[in-house]
Amino acid sequence: MHRRDFMKTPLIAAGSIMIGKAGLVSGLLGSSGMARAAFAAQKAGVPRIALNNGMSIPQLGLGTWQLAENTVTSVRAAIEAGYRLFDTAQIYGNEKEVWQGIKQSGIARKDVFITSKIWTSSMRNPPQKDSIDKSIELLGGEYIDLFMIHWPAKGRIQETWEVMEEYVQKGLIKSIGFSNFNPHHIEALLKYAKIKPVVNQIEIHPYHTQEANVAATRNYGIAVESWSPLAQGKVLNDAAIIGIAKKYNKSAAQTIIRWHIQRGLIVIPRSKNPAHIAENIKVFDFELSKDDMAAIAKLNRNERIMPAADPDSFSW
Ligand SMILES: NC(=O)c1ccc[n+]([C@@H]2O[C@H](COP(=O)([O-])OP(=O)(O)OC[C@H]3O[C@@H](n4cnc5c(N)ncnc54)[C@H](OP(=O)(O)O)[C@@H]3O)[C@@H](O)[C@H]2O)c1
């Protein structure tokens, strides 16, 4: 199949998927740098997932947890490689550095999609708005594209959601969603939500495939995003994955990322290595067969990276 035909192929998705336009870049990169970054975005051909509020999100982005002092350089490398989605959180302590990387790249604000999340301690210590104001300020001071409840902290979800809705009304947050929600958390929130959540970001990788939660979340019209999509590297040495990767002349990481993409999931692999960053976005020029998709799904062990990271019993 030619690449162009392949890019037109509809994928399994929560919403519809659109082929992204190249981001326009301006400013600090200089004309050759800008041209390179614009070309990279076009070439990467990252589709967009339509959200239930009329907006859309790039289907692939950069995770930034634990990037720490490598955050600025990794974000810059990612923008050069064609990434336009960046996932951070208050607890990662790098919202400022994510913004620095974006700013230093010279890309226009409208051409990147920034997601962040309110941490449980900010939820439990009202006013929640203080930490949200800080996130907005650290992330450039204008707006956040998607802001999520990081974990369903008991007793504080409704209060936090209502504050987040106020920020949408003020135009300081474009979309709101949550992370680590099980279907019962979603159902409870939908009873009072005036603004519909757009995304549920949950742990998904070949050892924790989450079919039931993905299906239930989509039934509510909410898109699903995979966190720790590479199981923090644990699945990269799996013999079955290496075998499948060889057939397509791709790396194990690319094969797993492609598996998420074909499931219609939004996927945010993290890397501080520029070669890995570039490699991880080259996943739109091949297609895993149905059998190989199923073979990867069969690796499921319902195994969380951290057993304590269970949305129904976490302690943080
Ligand atoms: N909502 C939540 O509760 C939650 C929880 C966890 C994570 N997240 C989000 O999800 C993102 C991704 O998850 P994650 O950071 O836990 O881990 P991950 O993306 O599953 O895996 C990251 C690891 O894979 C390695 N890696 C990446 N690309 C590679 C490649 N091509 N070849 C070989 N190794 C490669 C990285 O090493 P190198 O740096 O050396 O490439 C790193 O050690 C996070 O950064 C964060 O944004 C959200």
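Predicted model: local features only at pLDDT ≥ 70, side-chain atom pairs only at ≥ 80, totals over all residues.
Residues are numbered from 1 along each chain as its sequence is written.

Helices (H or I, at least four residues) and strands (E, at least two) are DSSP runs, numbered from the N terminus; two strands are taken to pair if DSSP finds at least two bridges between them. An open sheet is formed by 8 strands in the order β4-β5-β6-β7-β8-β9-β10-β11, with parallel pairing. Strands β4 (62-63) and β11 (266-267) lie at the edges, each pairing on one side only. Within the sheet, β9 (residues 199-203) and β10 (residues 223-227) run parallel and are joined by 5 bridges; N200 stands opposite V224 of β10.

Strands β2 (residues 47-50) and β3 (residues 56-58) pair in the antiparallel sense over 3 bridges. The two strands form a hairpin with 5 residues between them, and G54 in the turn has a positive phi of about 90°. The bridge partner of A50 in β3 is S56.

Axes are lines fitted to C-alpha atoms, for helices over the stretch in contact, and angles run from 0 to 180 degrees between N-to-C directions. Angles under 35 degrees count as roughly parallel, over 145 as roughly antiparallel, 65 to 115 as roughly perpendicular and the rest as oblique. A crossing is left-handed if the near helix is turned anticlockwise from the far one by less than a right angle, and right-handed if clockwise. Residues are in contact if their C-beta atoms, placed from the backbone, lie within 7 Å. Ala, Val, Leu, Ile, Met, Phe, Trp, Tyr, Cys and Pro count as nonpolar, Asp, Glu, Lys and Arg as charged, and the others, Gly among them, as polar.

The axes of α3 (residues 71-81) and α4 (residues 95-105) come within 8 Å and cross at roughly 45°, and the two helices are therefore oblique to each other. The crossing of α3 past α4 is right-handed. T71, V72, V75, R76 and I79 of α3 and E97, V98, Q100, G101, I102, Q104 and S105 of α4 make the contact, which comprises 5 nonpolar, 5 polar and 2 charged residues.

Helices α6 (residues 128-138) and α7 (residues 157-169) pack at an angle of about 45° with their axes 10 Å apart, an arrangement that makes α6 oblique to α7. Here α6 passes α7 in a right-handed crossing. Q128, K129 and I132 of α6 meet T160, V163 and Y167 of α7; by class, 3 of the contact residues are nonpolar, 2 polar and 1 charged.

For α10 (residues 239-248) and α13 (residues 290-297), the axes come within 10 Å and cross at roughly 165°; the pair is therefore roughly antiparallel. The crossing is left-handed. The contact involves A240, I241 and I244 of α10 with D292, A295 and I296 of α13, and consists of 5 nonpolar, no polar and 1 charged residues.

Definitions and conventions: Contact = placed C-beta atoms within 7 Å.
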